[in-house]
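Here's a quick look at one strand, its neighbours and the helices that go with it.

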Amino acid sequence: MSDINFLIVEDSPTMRQLITFALKRIQKAKVVEATDGVDALKKMVGQNFDMLFVDINMPVMDGLKFVSLVRADPAKKDVPIIMITTEGAEEDRKRALSLGASAYLTKPILIQELLQIVSQHLKQ
């Protein structure tokens, strides 16, 4: 089995650590971290990811703008994108899903829920 590459796009170091810790429970998981959408786009050049975890509220480039840019790239249009946010705001959720997000996680993130979403999307 080959490596499973995850990209975490999140401006909070604590949150990135928590998600990385959860993903490391998955065999062959490789995690790359980015602090905002611009940083993430740079890290995506020449590198393929199996799944992206993206915070909505970030400086420089927010998660919604980042998702729309990723979905506009034909090579990356099928990569599962899991949105992460503090709000349970319904408009944010609808907007993220309409832009092409695959799933939605609300902080505080439950590790079990995160791992369940990962396994659902990796099977597809």
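## Strand β4 and its partners

β4 and strand β5 (residues 103-106) run parallel, joined by 4 bridges; strands count as paired when DSSP finds at least two bridges between them. Thr85 has Thr106 as its bridge partner in β5. Strand β3 (residues 51-55) also pairs with β4 in the parallel sense, again over 4 bridges, with Asp55 standing opposite Ile84 of β4. Getting from β3 to β4, the chain passes through helix α3 (residues 63-72) in a right-handed β-α-β crossover (clockwise from the first strand over the helix to the second, with the strands pointing away from the viewer).

Helices (H or I, at least four residues) and strands (E, at least two) are DSSP runs, numbered from the N terminus. This is a predicted model, where local features need pLDDT of at least 70 and side-chain atom pairs need 80 or more, while totals for chains, interfaces and linings use all residues. Residues are numbered from 1 along each chain as its sequence is written, and side-chain values use heavy atoms, leaving out hydrogens and water.

## The α3 and α4 pair

α3 packs on helix α4 (residues 90-99) at about 15°, axes 9 Å apart (lines fitted to C-alpha atoms over the stretch in contact, with angles from 0 to 180 degrees between N-to-C directions). The two helices are therefore roughly parallel, the word for angles under 35 degrees.

Technical notes:
Parallel < 35°, antiparallel > 145°, perpendicular 65-115°, else oblique.
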